[in-house]
Amino acid sequence: MLQCISGSSCIRVVEGYKSTWYFLVLVLAYVLYLIFGALVFSAVELPYEELLRQELRNIKQQFLQDNECVSDERLDEFLARALEASNYGVSVLNNATTNWNWDFTSALFFASTVLSTTGYGHTVPLSDGGKAFCIIYSVVGIPFTLLFLTAVVQRIMEFSTRRPLEYLHRRWGMSKTLLAALHASLLAFIIISCFFLIPAIIFTVLEEDWNFLESFYFCFISLSTIGLGDYVPGEGYHQRFRELYKLAITFYLILGLIAILVVLETFCELQQLKKLRKMFYTRKQKTEDQLNIVDHDHLSFASVSNQASSFREDKTDVFPEASPTATPSGPK
């Protein structure tokens, strides 16, 4: 008996806090996924980092041997200053002096990466005034960008997803759930082709030092707004039509970000994903007034039902069901 009571209590507790348990499992899975990523990145990248460090030490040692008039301390000071300038997008190489980081097209590219929260980090404000303006510009611009993207995506969704699904549903009579899943898959394939695969091929041709994997990597890192900054187009030493190239990349990033948001919104409207998200949501608690209204409506409905049933019973008593009479026979 006690086992039965305790078992039913445990079941009620689990059922009552089902979303909480799902949420805890989600948090644990996310933490494990972070740890898994850290372990893989460390195992893959640490040997390459060690090789690069060893190569730089060998080059530095060879340089000091070939130039005995240069001391180790003076070389370290020069390299530290050069690396600091390089972090601000300024290079000491002779063939990089023609590329300015703050001409109009480069500044427009920087503004787009700031407002989209991509933030490559290869170019940053140098002056205190520029840093202060960047803060104010971002505080106003990032919410403005979110509003702009939301409005654009919702209008595109009306013509790219909702109306086509309604039309195909009426014309073919297919299930909306199946039709929405097929449409989302087709739309994702088109967006991946137009904003990842084809641009990656173009960047492979235009960027001398990039292969296809590096170009595709740049497209993904940019359009997902990760923006690591290790690959930035238009920064080559002999880049032709650099201003026009930077302007085209700016428009590509904005259009690509809109396309990615359209795909994500399309998948979020799928019934399967809606059910999955609801598993981790907290249930809305009804207020006391709402509960009283529900109880009052329930009591009213119950009283009306009881009155109706009693009326039917009284009617049955007053008008008993007549027994079937025999058909009168005619005279013989």
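Student: What percentage of the 332 residues of the protein chain count as buried?
Tutor: This is a predicted model. A residue counts as buried when its relative accessible area is under 20%. Of the 332 residues in the chain, the share that passes is 22%.

Student: How many helices and how many strands are there in the protein chain?
Tutor: Read the elements from the N terminus on: the run is α-α-α-α-α-α-α-α-α-α. The count for the protein chain is ten helices and zero strands.

Student: What share of the accessible surface belongs to carbon and sulfur atoms?
Tutor: Start with the total. The accessible surface of the protein chain is about 25,100 Å². The part that belongs to carbon and sulfur atoms is 67%.

Student: Among contacts with a separation of 6 or more, what share comes from residues 24 or more positions apart?
Tutor: A contact here means heavy atoms within 4.5 Å. Take the contacts in the protein chain with a separation of 6 or more. Residues 24 or more positions apart account for 59%.

Student: Which element supplies the largest share of the largest nonpolar core?
Tutor: The largest nonpolar core has 26 residues, and Ile 191, Phe 195, Phe 203, Leu 223, Tyr 252 and Leu 253 touch the most other members. H5, helix H6 (176–206), H7 and H8 each supply at least two residues of this core. The largest share is ten residues, and it comes from H8.

Student: Which residues does Phe 203 touch, not counting residues up to four places away in sequence?
Tutor: Phe 203 is one of the residues that touch the most other members of the largest nonpolar core. Leave out residues up to four places away in sequence. Phe 203 then touches Trp 210, Ser 215, Phe 218, Cys 219, Pro 233, Tyr 245, Ile 249 and Tyr 252.

Student: Which element gives the most to the lining of the second largest pocket?
Tutor: This pocket holds about 450 Å³ of space. It is lined by 22 residues, and Ala 111, Ser 112, Leu 115, Thr 145 and Ile 254 lie nearest its centre. Helix H4 (104–115), helix H5 (128–172), H7 and H8 each supply at least two lining residues. The most, eight residues, come from H5.

Student: How many charged residues does the lining of the second largest pocket have?
Tutor: Sort the lining by class. It has 14 nonpolar and eight polar residues. The number of charged residues is none: the lining has no charged residues.

Student: What is the volume of the largest cavity?
Tutor: A search of the whole structure finds one cavity of 30 Å³ or more. The volume of the largest cavity is about 50 Å³.

Student: Which element gives the most to the lining of the largest cavity?
Tutor: The lining residues are Trp 100, Asn 101, Ser 106, Phe 109, Phe 110, His 122, Thr 123, Glu 235, Arg 242 and Lys 246. They divide into three nonpolar, four polar and three charged. H4 and H8 give two or more residues to this lining. With three residues, the most comes from H4.

Student: Is Asp 76 buried or partly exposed?
Tutor: Asp 76 is found in helix H3 (residues 72–87). Buried needs under 20% relative accessible area, and exposed needs over 50%. Asp 76 has 34%, so it is partly exposed.

Student: Where is Thr 117, and what is its relative accessibility?
Tutor: Phi of Thr 117 is near 60°, a positive value in a residue other than glycine. Thr 117 sits in the loop between H4 and H5. Thr 117 counts as partly exposed, because its relative accessibility is 45%.

Student: Where does Thr 225 lie?
Tutor: Thr 225 is not a glycine, although its phi is positive, about 60°. At 26% relative accessibility, Thr 225 counts as partly exposed. Thr 225 lies in the loop between H7 and H8.

Student: Which residues does Leu 228 touch, not counting residues up to four places away in sequence?
Tutor: Leu 228 has its place in the loop between helix H7 (212–223) and helix H8 (242–268). Leu 228 and Phe 218 are ten residues apart in sequence and 8.9 Å apart in space, C-alpha to C-alpha. Beyond four places in sequence, Leu 228 touches Tyr 120, Tyr 217 and Ile 221.

How values were computed: Residues numbered from 1 in each chain as written. Predicted model: local features only at pLDDT ≥ 70, side-chain atom pairs only at ≥ 80, totals over all residues. Heavy atoms only, no water. Helix = DSSP H or I, 4+ residues; strand = E, 2+ residues; numbered from the N terminus. 1 Å grid on protein atoms, 1.4 Å probe; cavity = no way out; pocket = protein on both sides within 12 Å on 5 of 7 lines; lining within 4 Å. Points joined across faces, edges and corners; volume = space filled by probe spheres on them. Nonpolar A, V, L, I, M, F, W, Y, C, P; charged D, E, K, R; others polar. Buried < 20%, exposed > 50% of the residue type's maximum accessible area, 1.4 Å probe, protein only. Areas by Shrake-Rupley, 256 points an atom, 1.4 Å probe, with all protein chains shown as cover. Core = buried A, V, L, I, M, F, W, Y, C linked by side-chain atoms within 4.5 Å.
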